[in-house]
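Me: I have a structure open and want to talk it through. Can you take my questions as they come?

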Amino acid sequence: MSDPIIQMKNIEKHFGSVIALAGVSVDVFPGECHCLLGDNGAGKSTFIKTMSGVHKPTAGEIIFEGKPLDFADPRDAMAAGIATVHQHLSMIPLMSVSRNFFMGNEPMKKIAGISFFDHDFANRVTMEEMRKMGINLRGPDQAVGTLSGGERQTVAIARAVYFGAKVLILDEPTSALGVRQTANVLATIDKVRKQGIAVVFITHNVRHAMAVGDRFTVLNRGQTLGTAVRGEITPEELQDMMAGGQEMVQLEGSLGGTV
Amino acid sequence: MTSLMKNLMLATAVAAASFTVAQTAAAEGEKYILVSHAPDSDTWWNTIKNGIALAGEQVGAEVEYRNPPTGDIADMARIIEQATASGPDGIITTLADFDVLKGPISAAVDQGIDVIIMNTGTPEQAREVGALMYVGQPEYDAGYAAGLRAKDEGVTNFLCVNHAIQQPTVGERCRGYADGLGIDLGDSMMDSGTDPSEIKNKVLAYLSANPDVDGILTLGPVSADPTIAALQENGMAGAIHFGTFDLGEEIVKAIQDGTINWGIDQQPFLQAYMPVVILANWDRYGVLPGNNINSGPGFVTKDALAKVEEFAGEYR
Amino acid sequence: MADTTDTDERIKEISPLRRALIRPELGGMVGTVAVFTLFALFAFDSGMFNSQGVMNWSIVSAQFMIIAVGACLLMIAGEFDLSVGSMIGFAGMMIAVFGVVLAWPMWMAILITFVICCGLGALNGWIVVRTGLPSFIVTLAFLFILRGFTIYIPQTVERKTIIGGIRDAAEGDWLAPIFGGKIGQPIFQWLGDMGVIGVFERGTRAGQPVVDGIPMLIVWAIALIIFGHILLTRTRFGNWIFAAGGDAEAARNSGVPVNKVKILMFMFTAFCATVFAVCQVMEFGSAGADRGLLKEFEAIIAVVIGGALLTGGYGSVIGAALGALIFGVVQQGLFFAGVESSLFRVFLGVILLFAVILNTYIRRIITGER
């Protein structure tokens, strides 16, 4: 495999007296799906916010394409090719798919020296890109609100890919979805990975992670418990690591291994 | 015309008849519209509504009352324009802001609609816009009449309590009063402000500093009510001559117990009733009074209170 | 997983009717047709449809339109401005103070007033985005603050609450006619001569047409509607307006400068209010402390009738313009139809209720809520 596209080295993040991240190291390669697992409060959100430029690390280093990085704000990160798809906050239900797709990056055409929104271009590209992801829209003016949760995630992912994301951070894209929609999103992740984009997939669902992940990093209480490669670890082991060991084993026993 | 269309028209006519809430059978068919500047919240104008309704009923004309809901004079200008467009026989309107209303009113006059100015405005302004006449209470004349009456009742030295010094027209009442008494206004006019306790204390201070004052004029309930309280406090209630403009609950009470000698009523009923009657007679027989009509001052004394109380808010 | 999901068999094809229903202008269009039909039936010979009557409700509607365009874009951007009415009174008073009391040239008074009012709009917006307080509260505060100054300033400098003489002061000014003038006089004179429209029967203007031109107020209304519509639907900034009102957080995540958009929309609303005020004082020649009372609600009502959602993110300038037209025609038309004027509020309430219910239904269709 080639060099990692992004390396997070010993990242620490303190909020006042609270230590959210206590030295986390992760590297992500192009074309892999790197799953970041952890229970609620493990520090996943803080970690990806650091990666996408929302937070500045208290200590540690981020190396992106071989160079140390210092993002001033999320727009810098976006411009560099690090895109984040948030669980809820990335689509506007009342707006059409094509308006959403180009939100913040509207295509322009000049008529008589004045810049106008190029709707024809936007509509064409949107339909095309969505077809590539396996979603047939009724039309580019269909409102996002009429799409299912999985389809919305797919639009958001397609948008990030179209605008040249090299690292795609997915923040719990499957947590609120049904079985079939989850399958759709996972299929989308697979497609994106095959295009050579590094995917960082945040989840606390081991099965979803196992379905598409190439490597797995477990966060617990602000620390990483190591990175495992697909095939070297079982879902049960991952589950235990996320929960922090002992108690979960007992709980699981009483639940008959269903969790 | 197809029978379907006829039926439709008929149905429409029937519906329109029930739709029309506007008053009275129009025996002679004239239509008069009264436009005021008062917001909906101003209940004083209820008397006006009743006045035109009664007049319309008596002369058999259709009458309508219109006002800008918020009292916005610019909206009032639109209402006058609209009234003009609907082609009535006459428009009765106040002249609350000469600059704004001059245009719409003259346009109505120029289209052959008779206009009478009521309540607000002056006879001179009414003439300038081309109105037939002015019906209302000219402030100076009302003050003058009050002064004449007060002189007969023995007033020689007075205090005029003015709570609306920023409105020059209201101040005219004091000037007229002084001229009626035949004495110089001098510094008898007090800028009292509108705060009740301030007014009361100013009046008390003025009266103790000027013991020769034997008459007081207040220009409305705002200045009258605290003045009543002041006189009751220093024991001059009933002993000093006291006249006031306009009526109100406290004023009526004070007239009753003798603190106030009389209240000057501008008689809004007449401001509404007279123009309708005059317009109807002008339209039918071509007769018109040769001058403006002063609806006030009507002096309300203890003896006349019964009618005021009976018709308060309705015709008084 | 299959490569194509094809069409989801559970989503029914949307019928053309429903498709038309989700256009925000639809309610406005239906309402406009209904209102005109109603008044054509009930008030046709009442003078409502002669030249003067048409001009009357056109001007009233145009007034609503001017402030509705601003309120509409602001509402789509997710905010309200309750200070519009007070801004109208304030702007008129500023022109009177600068142009009459201080006797500056009228063009300068107008321009300075625009600068001050847009600045106040920006302040409104800045406070809203900075504090995160609901714009309802912030602009409510400005409703009182501006109205207070509108009464205080003329009382202090002139000892009265109405300042006149603006028309005389504007005589010969180059900028004033753009707000207070009329266009198309020759056409109307010709129509009057031909007997198509009514002429004055007597007085100094005898022989001149009663309606002698199209007031600039109407021209401004049309210009602002066209500008607002193109801005909203055909430009990048329009997309940002929708985004800022639809979901500010999502818009920020996508790199939309939400705060800038909102502040600019507050400024545009203030601009529209100032246009309204300048047209008014130029036409009437005086500024009063009570001008513009409750106009903010009339603007919001017109926008809501026109199909915009109170929660932001959805609406149309054309719809708002139609809402303003309905508002104006109903307000003036009820009078022509001979309906007691106090019933106007009843009609207004009914229309408003219908519009809001329709809007809620539309949003359910769009967002697929059940």
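Me: What is the bridge partner of V135(B) in β11(B)?
Reply: The partner of V135(B) there is I293(B). This is a predicted model, where local features need pLDDT of at least 70, side-chain atom pairs count only at pLDDT 80 or more, and totals for chains, interfaces and linings use all residues. Residues are numbered from 1 along each chain as its sequence is written, while chains are lettered from A and ligands numbered from 1 in the order in which they are written.

Me: In which sense do β5 and β11 of chain B pair, and over how many bridges?
Reply: Strand β5(B), residues 133-136, and β11(B) pair in the parallel sense over 2 bridges. Strands pair if DSSP finds at least two bridges between them. Strands (E, at least two residues) and helices (H or I, at least four) are DSSP runs, numbered from the N terminus.

Me: What is the strand order in that sheet?
Reply: β2-β1-β3-β4-β5-β11 of chain B, an open sheet of 6 strands with parallel pairing. β2(B) (62-66) and β11(B) are at the edges with a single partner strand each, so one side of each has no neighbour in the sheet.

Me: Which strands does helix α3 of chain B lie across?
Reply: Helix α3(B), residues 73-85, lies across β1 (31-35), β2 and β3 (90-93) of chain B, and runs at about 175° to β1(B). Axes are lines fitted to C-alpha atoms, for helices over the stretch in contact, and angles run from 0 to 180 degrees between N-to-C directions. Contact is counted when the C-beta atoms of two residues, placed from the backbone, lie within 7 Å.

Me: Other topic. Which residues of α8(B) are buried?
Reply: I199(B), K200(B), K202(B) and V203(B). They sit on the same side of α8(B), because they cover an arc of only 165° around the axis. The arc is that of the directions from the helix axis to the C-beta atoms. Buried means 20 or more other C-beta atoms within 10 Å of the residue's own, exposed means 12 or fewer, and partly exposed is in between, with C-beta atoms placed from the backbone.

Me: What do those buried residues pack against, and which exposed residues are on the face turned away?
Reply: They pack against β6 (158-162), β7 (189-191) and α9 (221-234) of chain B. The face turned away carries S197(B), A205(B), S208(B) and A209(B), which are exposed.

Me: Are N119(B) and Q267(B) buried or exposed?
Reply: N119(B) is buried, with 25 other C-beta atoms within 10 Å; its loop is between β4 (114-118) and α5 (123-129) of chain B. Q267(B) is buried too, with 22, in the loop between β10 (262-265) and α11 (268-285) of chain B.

Me: Last one: how many residues of chain C are in contact with chain B?
Reply: 40 residues of chain C, against 30 of chain B. α3(C) gives the most to that side of chain C, with 5 residues.

Me: And how many residues of chain A are in contact with chain C?
Reply: 28 residues of chain A are in contact with 28 of chain C.
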